[in-house]
Amino acid sequence: MTTAAITRKWHTTAEVAEMLGFGLSKTKMLVLTGEIRSVKVGRNRRILPAWVDEYINRCAQDETERWSA
């Protein structure tokens, strides 16, 4: 029998906060303001890994543009 690794398809707000090194309240605010995209599943918010990457890339691009101006 082979063992397959399960890759998570989305993350909780708490998991994203940990990944980004932010507090939970800051991450929830980023989700509520739409800076980090999310989907509501029942009473909970879930965030796709691509949406976390999107946020990081946008922040990095903004910073690069700020320094090149």
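Guide: Let us start with one term: contact means heavy atoms within 4.5 Å. The model before you is a predicted one.

Visitor: What do the buried residues of α1 pack against?

Guide: These residues pack against β1 (11-12), α2 (24-32), β3 (44-47) and α3 (49-68).

Visitor: Which residues of helix α1 are called buried?

Guide: Buried means under 20% relative accessible area. In α1, which spans residues 13-20, Thr13, Val16, Ala17 and Leu20 are buried. They cover an arc of only 105° around the axis, so they lie on the same side of α1. After α1 comes Gly21, with a positive phi near 75°. Of the 69 residues in the protein chain, 22% count as buried.

Visitor: What makes the charged end of Lys26 one that sits over the ring of Phe22?

Guide: For a charge to sit over a ring, NZ of Lys must be within 6 Å of the ring centre and within 35 degrees of the ring normal. The charged end of Lys26 is 5.1 Å from the centre of the Phe22 ring and is found to sit over that ring.

Visitor: How many aromatic pairs does a search of the whole structure find?

Guide: The search finds 0 aromatic pairs.

Visitor: How does the radius of gyration of the protein chain stand against that of a compact globule?

Guide: For 69 residues, a compact globule would have a radius of gyration near 11 Å, whereas the protein chain has 15 Å. Its C-alpha atoms fill a box of roughly 60 × 30 × 20 Å along the principal axes.

Terms used: Residues numbered from 1 in each chain as written. Predicted model: local features only at pLDDT ≥ 70, side-chain atom pairs only at ≥ 80, totals over all residues. Heavy atoms only, no water. Phe/Tyr/Trp six-rings, centres within 6.5 Å; stacked < 30°, edge-to-face > 60°. Rg over C-alpha atoms; globule rule 2.2 N^0.38 Å. Buried < 20%, exposed > 50% of the residue type's maximum accessible area, 1.4 Å probe, protein only. Helix = DSSP H or I, 4+ residues; strand = E, 2+ residues; numbered from the N terminus. Arc of directions from axis to C-beta.
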